[in-house]
Every structure is written in structure tokens, then in C-alpha cells.
Amino acid sequence: MDFYAINSLRENHAGWSLLRAQNAPLALTFFMAAFTSPNQRNLGRQELIDALDDVLFGLRDSEGEDRFPRPAGEYLDDWASDERRWLRKYYVPGEDEPRYDLTAASEDVIRWVENLRGREFVATQSRLTSIFAVLKQLVQQSETDPEVRLAELQRQRDGIDAEMQRIRDGNVRVMTGPEALDHLQQLTTLAKDLLSDFREVEQNFRKLDRQVREQIATWDGTQGELLQSIFDNQQDISSSLQGRTFQGFWDYLMSPQLRNELQDLLHRATQIEALATSDMQAVANLHQDWLPAVEQTQATVRQLSQQMRRLLDDKVFLENKRIMQLIRSIESGALGNRDAPPSGAFMEIDAPSVDVVLPFERPLYEPSRKILVDDSVETADDDDVDASALFGQFFVDKERLRANIDAVLAEAEQATLAEVTETYPLSQGLAEVVAYYQLATESDWATINPEQSQQLSWQLPDGTTREATIEQIIFGRPA
């Protein structure tokens, strides 16, 4: 960012104007007490006025009656005005009382002010652990070489086996109190950051809503072009990084299995003895705080779609009304001139064109040709033909081959085709090899490595041995 960009933020950003405001301490104190500390959203006007009256009463008692002379309702209207944009004022369908919520800019200022106060305990070890975990996952999941990934998985398995052996030997390492507090602080920080992200995503959807309304109100093109433009805007939001990550979080949160796992982990975290003196109630209710926030963001998206449909229906109604007015004016003009039509030609209609086909453009008659077919059948001399091959067909049972693979994988995490055929030798030759290859291509847990090869051999009924060199096929145990 350069000087001009920063200066533009200083003049136009709602968060910067909040920091520069004279009554910023009052506004931030009230925002923390009403919204962020109890983690509440969408509060009614009367509820906020009562809460702000309590705050003003305490301040006037200590600072003097003239310190904040305005009523609580005027402060709320001022903070929610277009000049401030510190609060968002809106109406819920079916209710007459307005509701208020923090804007993303105000929440960013609150978090920044809270960080200025400093912390008695700064999480460092857990942050470093998280950096290593994310970095490892980024590198490992982006690796395309199967050998490298297999080596890393083998290293992880060796580490798990060593840890299991230490536990069997009685050497159980438990997280210390400072380490537990470190991870707890990072957990609560990430949870608050996540709730803040929801407000920003919701604000982006509301910006899209406003842009769509302005576009519909000033549109001069066709209806199809308008719809195409609107759908492109929606696609830009949903396909953006923020939209994709939000949808991924929503899918993750809506999974019953993952939600139950999260609830079980939160319950077990509250039972940790080292965290007995901490406020674990907020940790236990993390998922309960996320669901309303995500649902409100989804409701904003639904409201955007409904609003677009309503505006488009209104536009279609106005167009149909204008067409009917034109038709009525034409009918009225025709009835007025029915008794005294104007002289001369007062209307012209283009006559339909006639297709002219010249006689010489038509093709001449051409008689059909008769095709003679020689259907005579000659008896072939097939005395020397060996027809036993027609009766020597056999069937390769894929279920038997799949059972062979499962039996080998029951003793190991993965196995090559050579290891499977070593345990269960090939009995049907090359046809059985082809069937194994087909099973590998159809399975999600098999890998075909064209850079590696493997030797397979089998014995024919006459005692001779045949060999085949194919690409390396690795079967893995399903997760």
C-alpha cells in the first residue's frame, strides 16, 4: 500500500473514523458489553437502548451529567448512520422493531484495541506447532511422487509405533499446564477470528445485493443480458477463495459425524485437569456459537436470491404493462378512424416472397440400378481344422481375485501385484493378469506406477513357464 491508499482509508474507512471519533471510548465500551463479550448478534433496538442506558448511567455518575448528554436512541441512530457505519441497522420480515449488529470494520477495531491492552500469557509454542502442522500438510498433500509420499507415511507409522511402545512401557507423557493454557488461548483466538470472518463474508454478500439492485434499476439492455450479468456476479462470489472456504466450512459443519466428533472433543477438553481454573464454558459452546453465525450468512444469501427474483418480477410486470398500454393506444386510434379512414395508402405490409425454381434446376430422371448378389454357397473342406479351441473357453472370476487381494491386505497396509500372485499363484495365465489390471483401474485404492515395472510368471499345463513384464500395480487397504 502506498501513501494515497492509506490516506484514502483514513478518510473513508469506517473503522478508522471510529478510532478518530471523540466518543470512541463510549462506543467501543458499549460494543464490547453488548456484542463481543457475550458473543451476541442481531439485537433489538429496545434491548440495546436499555443496555446503553445502563452504560451511560454509570459513566454520568462518575464523569458528570454533562459528559454524555444525548439519549441512548440518538447514539444508536448516529452510530448506524451512513456517515458512521459502525452498526448495521435493518428490519426482519414480519417485525416492526429495527435490529442492530456490528459491522466488520467495528469488530476489527475492537479486536485491535483488545490487543493493545497486552496479554499476561502469549501463546508461542502452540502457534509454532500449528505452523509446522499446516506446513507439513501443505507439502505432503502437494507431493506427486508416490515413493516420497509412501516414505513419509512409513515414517509416520514408525513414529506412531514407537509412541505406542513407550505407552505400553508406562512412559505416558501428559501435556503440562503452561502447554495446555497455550493451546487453549490459541483455540479461543481462532474461534473469535472465525466468527469475525462470518461478519465479513456476510458484508460481502450484502455489497453484492446492493450492486445487483443498482444494476437492475439502471439497466437498459435485454432481460437475458441482465440475468447473465447477475449470475456472473454470484458466480464470482461463490468461486472466490473466501466463498469456497466458507462453503467448505459449511459442509464440514453440516456433517453429522464430524459435528459429533467436534462435540466429543470439546467435552473432553473441558475435563482436562490443567485447565480447571480457566473459563471452559466458552470452549464447550464453540459449535453452538458457529451455527447461528453461519445460518445468518446463509440467510443473507437466500435473501439476495429472493430480492433478485422480486426485482426481476417487478421489471417484467412494468414491461408487460407498457406493452399493454401501447396495444390499447393502437386499438383506440384504429377505432377513432374506423368511420373516417384516411385516404390513400396509410399502411404497408411487406408481401411474402415467392421461391422461383427454374425447370432446368430440377434434376433429370435417372433409372435405378439393379445390384446382382452372388448367393451361391460352396462347401469348404474343413477336415483339417481343429475345432477344440471353440470348446476350450474359460471364465476369470474377478470376485476370487478381489478376495485374494483382500486376504493379502489383511496382513499389510499395501501390496504389489507381484506379492499377491506370490501368495496366490496365477492359474489362468495372461487372462488373469489382465483381470487384475482391470481391478486396479476400477479401484480408488490402487495405484499404477508406469515408471516402475514388475515381473509375473505362471506355469502352463504342459509344464512350461511364461513370464510377463507389466507396470507396477500397488493395492492399498481402504481407509
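The protein chain holds 17 helices and 6 strands, where helices (H or I, at least four residues) and strands (E, at least two) are DSSP runs numbered from the N terminus. Residues are numbered from 1 along each chain as its sequence is written, and because the model is predicted, local features need pLDDT of at least 70 and side-chain atom pairs count only at pLDDT 80 or more, while totals for chains, interfaces and linings use all residues. Side-chain values use heavy atoms, with hydrogens and water left out.

**The chain as a whole**

- Of the 479 residues in the protein chain, 27% are buried, a term that stands for under 20% relative accessible area, with exposed meaning over 50% and partly exposed the range in between (1.4 Å probe, protein chains only).
- The accessible surface of the protein chain comes to about 34500 Å², and carbon and sulfur atoms hold 54% of that area; the areas come from the Shrake-Rupley method with a 1.4 Å probe, and for residues only the protein chains shown count as cover.
- Among the contacts in the protein chain with a separation of 6 or more, 65% are between residues 24 or more positions apart, a contact being a case of heavy atoms within 4.5 Å.

**The sheet of β1, β3 and β2**

- An open sheet is formed by 3 strands in the order β1-β3-β2 with antiparallel pairing, two strands being paired if DSSP finds at least two bridges between them.
- The edge strands of this sheet are β1 (43-44) and β2, each of which pairs on one side only.
- Strand β2 is joined to strand β3 (residues 99-102) by 4 bridges, and the two run antiparallel.
- Helix α3 lies across β1, β2 and β3 and runs at about 105° to β3; axes here are lines fitted to C-alpha atoms, for helices over the stretch in contact, and angles run from 0 to 180 degrees between N-to-C directions.
- R85 is found in the loop between α5 (72-79) and β2 (87-90), and R85 has a positive phi of about 60° although it is not a glycine.
- With a relative accessibility of 40%, R85 counts as partly exposed.

**Packing around helix α3**

- Two packed helices are described by the angle between their axes and by the distance between the axes.
- The axes of α3 (residues 24-36) and α6 (residues 104-116) come within 11 Å and cross at roughly 105°, and α3 and α6 are therefore roughly perpendicular to each other.
- The class of such a pair follows from cut-offs: angles under 35 degrees count as roughly parallel, over 145 as roughly antiparallel, 65 to 115 as roughly perpendicular, and the rest as oblique.
- On the α3 side of the contact with α6 are L28, F31, M32 and T36, which meet S106, V109, I110, V113 and E114 in α6.
- Sorted by class, the contact of α3 with α6 has 6 nonpolar, 2 polar and 1 charged residues, with Ala, Val, Leu, Ile, Met, Phe, Trp, Tyr, Cys and Pro counted as nonpolar, Asp, Glu, Lys and Arg as charged, and the others, Gly among them, as polar.
- Helix α3 also packs with α5 at an angle of about 95°, with the axes 12 Å apart, which makes α3 roughly perpendicular to α5.
- In the contact of α3 with α5, L26, A27, F30 and F31 of α3 meet Y75, L76 and W79 of α5, and the residues divide into 7 nonpolar, no polar and no charged.

**V109 in helix α6**

- V109 lies in helix α6 and is buried, with a relative accessible area of 5%.
- Apart from its neighbours within four places in sequence, V109 is in contact with G15, L18, L19 and L28.
- V109 and A14 are 95 residues apart in sequence, and their C-alpha atoms are 9.6 Å apart in space.

- The hairpin of β5 and β6 has 5 residues between the strands, and in it G463 takes a positive phi near 95°.
- Strand β4 (residues 414-416) is joined to strand β6 (residues 465-476) by 3 bridges, again in an antiparallel arrangement, with G476 in β6 as the bridge partner of Q414.
- Q472 has its place in strand β6, stands opposite N449, and counts as buried at 16% relative accessibility.
- Leaving aside neighbours within four places in sequence, Q472 is in contact with E147, T416, T447, I448, N449, Q452, S453 and Q454.
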